Amino acid sequence: MELDPVLIARLQFAFTIIWHIIFPAFTIGLSAYVATLCVMWMRTGKGHYRELARFWTKIFAAAFAMGVVSGLVLTYQFGTNWSRFSAVLGNVVGPMIGYEVEVAFFLEATFLGVLLFGWDRMPPWLHTLSAVAVAVGTLMSAFWILSANSWMQTPVGFEMRDGVAYPLDWLDIVFNPSFPYRLAHMVTAAYLTTSFVVLAVGARYILAGKHLEHGHTMVRMAVAFAAVAAPLQLFIGDQHGLNTLKHQPTKIAAIEAHWDGSSPGELVLFAWPDESAETNRFAVTIPHGASLLLTHSWDGLFPGLKNFAPNDRPPVLPPFFAFRAMVGIGLLMIVAGLTGAWLWWRGRLFSARWYLWPAQHAWWIGFVAVICGWIVTETGRQPWVAYGVFRTADAVSPVAAGSMMTTLVLFVLVYGVVGSIGLYYINRLIAHGPRGPVIEPAITGAPTLAPQAGALAGIKPSSTPMSE
Amino acid sequence: MESYLPVIWAAIIGCAVAMYVILDGFDLGIGILFPFAESEHERDQMMNSVAPFWDGNETWLVLGGAGLMVAFPLAYSIILPAFYLPVMIMLLALVFRGVAFEFRWLGVSSKPHWTFAFAAGSMLAAFCQGLILGGLIEGIKVQNGAFAGGAFDWATPFAVMCGLGLVAGYALLGATWLIMKTEGKIAERARPTAKALLVVVLAFMAIVSLWTPLAFDRIAARWFSLPNILFLWWVPAATALVAFVAWRAIESGREALPFLATIALFLLGYLGLLISNFPYIVPPSLTIWQAAAAPATHVFMLIGTLVMLPIIFGYTIFVYWIFSGKLREGEGHH
């Protein structure tokens, strides 16, 4: 069988980036949570905030390590697998990635070392500052990489000369039309994803009857956040969708499985879109629903897939189904957040087992929603790598398909091993709890790095607001 | 101005690569030396000596890759496909050794596996980096601005030798780091190890210095023609001097000087390679001017880089200073 290098390169990129996005989605939110806990610890002096911050920092370190090594892979894949992408669009996309490295990566990676190894060795304010530095670093990283991705979705501020993109206006390029929406949507998604992990861990402790003080704090903080952010995310997502309709009509047509642009769009609740017959099978629809949502009028028209030549259409099934999964989880999060807030108001938040039990098991829903959202936006952009400018099929490297296939298999194996052990490791950390013993008692007493004597002006651990 | 931009960018990327080689060099070196440690307890100590730094160190590799994409997209789009397999194997090796920093503490029974992953990953990553370096010096087949060679063009005796040389070089950085950062048996045993490695590294440097001018006319012309030789003779002389200083420092019980002298040795070897190959970024087909990005791209990125690099240097030095001094007994992050 002849291997198609474009298909293999796409499969490999899809696999490595889906695996990667799990960790930023978690570490963006978790770094902000750790920084919040450090600030709470400083303000209240309550020891359990410090214990929680320390506990989540350990989990952060494991997730961050997996994020760093898988992100490094992506930086190089732009060259190894997508060298024509780099040669043609590098002038424009390159600096956004360059800025991400210089503004964000160094900050995160350097201060994580301080955050992990500086407990008891630094004044609390410096430790809190390090936590804030890491959280700001993850946000900056999101800013620049989402700017780059958004430019590929809605490219402006450049011109093509001799088949190569040249920048004209950097402000237009960085703040391209879809960027503010994508940034707000993704950062909120990362925070929500993390809040559901925190909720699950808190619920787990309460149900098990241990670490109750910590569990109560986590559940309260997560519920308060989700009750506000989940409904907000619905609004942001809606605005993002309207922006997409304006700039990427083919993506919206695929999401809605809307074939005929000359009649009002139905809201397709379920269907099996048939691309060869250009119709939906087994469709359950609300007439005029999509027109109402997208154009805010009963008979509003928006382009259907048949308005575009077949070779300019994205595949329909991935954006169609992934979108529905994402929205379903989003609605579930709203219900969970509001229900939690109501229980809290009634004073039953920590005794409602019917609420805590599903919450304990729902730690993964945010990750699935994030992955589905990216499937929608990335497959919906096809067949373009830069929408309307440069096709994915032209972006691939002149590399033997066999080489790409070999490395794809290796990535699946290596990431499979690393991912499952990572999950096991984080679960072990959670099982030990915020007051549990260090993960391996055998190594207590193992040497570690101590800061230079007097390096921090003689500040001793005992001067922390709440030493254990 | 526009003709200077590629030179400035070549200098910035050159610095980033040098920072990477030195910083990640010593922590990869720790992994390469793992098999020679006497116990898991010693390995814990070795790993803890680099654990606060490795994330930041590896970021220089990201900057090297991203910087090449920004400043010389054409070179990036040729070099990476040309070294597809070594680059990918290096990345996978770095995945294993990176997560080993966390997973090695998972439990007693799985520890030897992650010890192995850390050691093998470090060696493989170093070896692949040397392969890429050697292959780059030997040249890449380019047609119409794109890589036009085969999947295994890099598999040559010279590249394999460079790979082995870099493994030895990183191990030397690691050994001298241990002399500086640890106490007791580890530091004592690191000295004879460092001495042996220094001899091996000097041998590799000598072979490369003889091999490249003999095999490549452009490199022979660069070094041995007049008036170049009048300006360049000091590079090998300084290398010999630094090697002597390093040897004496290891023997005479100095703590930090062996590491610093090894860094100087690396920088001189690196300078030699730059002199041999400038102004080629893809020898022997593309110069830095031919591969350069648009001037507008160079300027936009340069503004940020001139602001950010001093800040990065500032907090990197701050963190090394916080964790300066010898490794002590105490509880770790795990």
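What follows is a conversation about this predicted model.

Trainee: Happy to start with the overall form of chain A. What radius of gyration does chain A have, and what would a compact globule have with 468 residues?

Mentor: Good place to begin. Along its principal axes, the C-alpha trace of chain A spans about 70 × 55 × 45 Å. For 468 residues, a compact globule would come out near 23 Å, and the value for chain A agrees with that: 24 Å.

Trainee: Which secondary structure elements does chain A have, and how many?

Mentor: Let me first give you some context on the fold. Of the contacts in chain A with a separation of 6 or more, 75% join residues 24 or more positions apart. Buried residues make up 53% of the 468 residues. As for the elements, the secondary structure of chain A comes to 13 helices and seven strands.

Trainee: How many other C-beta atoms lie within 10 Å of A:Pro155?

Mentor: A:Pro155 is in the loop between α4 (124-153) and β1 of chain A. Beyond residues up to four places away in sequence, A:Pro155 touches A:Asn176, A:Ala386, A:Tyr387 and A:Val389. A:Val92, 63 residues apart from A:Pro155 in sequence, is 9.7 Å away, C-alpha to C-alpha. A:Pro155 is buried, and the count is 25.

Trainee: Which phi does A:Asp162 have, given that it is not a glycine?

Mentor: Keep in mind that most residues other than glycine have a negative phi. A:Asp162 lies in the loop between β1 (158-161) and β2 (164-167) of chain A, and it is exposed, with 5 other C-beta atoms within 10 Å. Its phi is positive, at about 50°.

Trainee: What is phi of A:His288 near?

Mentor: A:His288 is in the loop between β4 (279-286) and α9 (289-295) of chain A. A:His288 is partly exposed, with 18 other C-beta atoms within 10 Å. Here too phi is positive in a residue other than glycine, near 65°.

Trainee: Over to chain B: which omega does the peptide bond from B:Leu226 to B:Pro227 have?

Mentor: B:Pro227 is placed in the loop between α9 (217-224) and α10 (228-232) of chain B. The bond from B:Leu226 to B:Pro227 is cis, with omega near 5°.

Trainee: How many residues of chain B take part in the contact with chain A?

Mentor: Chain A brings 67 residues to the contact. The side of chain B that touches chain A has 43 nonpolar, 21 polar and seven charged residues. In total, the number from chain B is 71.

Trainee: Finally, at what angle do α13(A) and α5(B) pack?

Mentor: Two packed helices are described by the angle between their axes and the distance between the axes. Here the axes of α13(A) and α5(B) are 11 Å apart, and the helices are roughly parallel. The residues of this contact divide into twelve nonpolar, three polar and one charged. The angle is about 5°.

Conventions
Residues are numbered from 1 along each chain as its sequence is written. Chains are lettered from A and ligands numbered from 1 in the order in which they are written. This is a predicted model: local features need pLDDT of at least 70, side-chain atom pairs count only at pLDDT 80 or more; totals for chains, interfaces and linings use all residues. Two residues are in contact if their C-beta atoms, placed from the backbone, lie within 7 Å. Ala, Val, Leu, Ile, Met, Phe, Trp, Tyr, Cys and Pro count as nonpolar, Asp, Glu, Lys and Arg as charged, and the others, Gly among them, as polar. Helices (H or I, at least four residues) and strands (E, at least two) are DSSP runs, numbered from the N terminus. A residue is buried if 20 or more other C-beta atoms lie within 10 Å of its own, exposed if 12 or fewer, and partly exposed in between; C-beta atoms are placed from the backbone. The radius of gyration is taken over C-alpha atoms; the globule rule is 2.2 Å times the number of residues to the power 0.38. Axes are lines fitted to C-alpha atoms, for helices over the stretch in contact, and angles run from 0 to 180 degrees between N-to-C directions. Angles under 35 degrees count as roughly parallel, over 145 as roughly antiparallel, 65 to 115 as roughly perpendicular and the rest as oblique.
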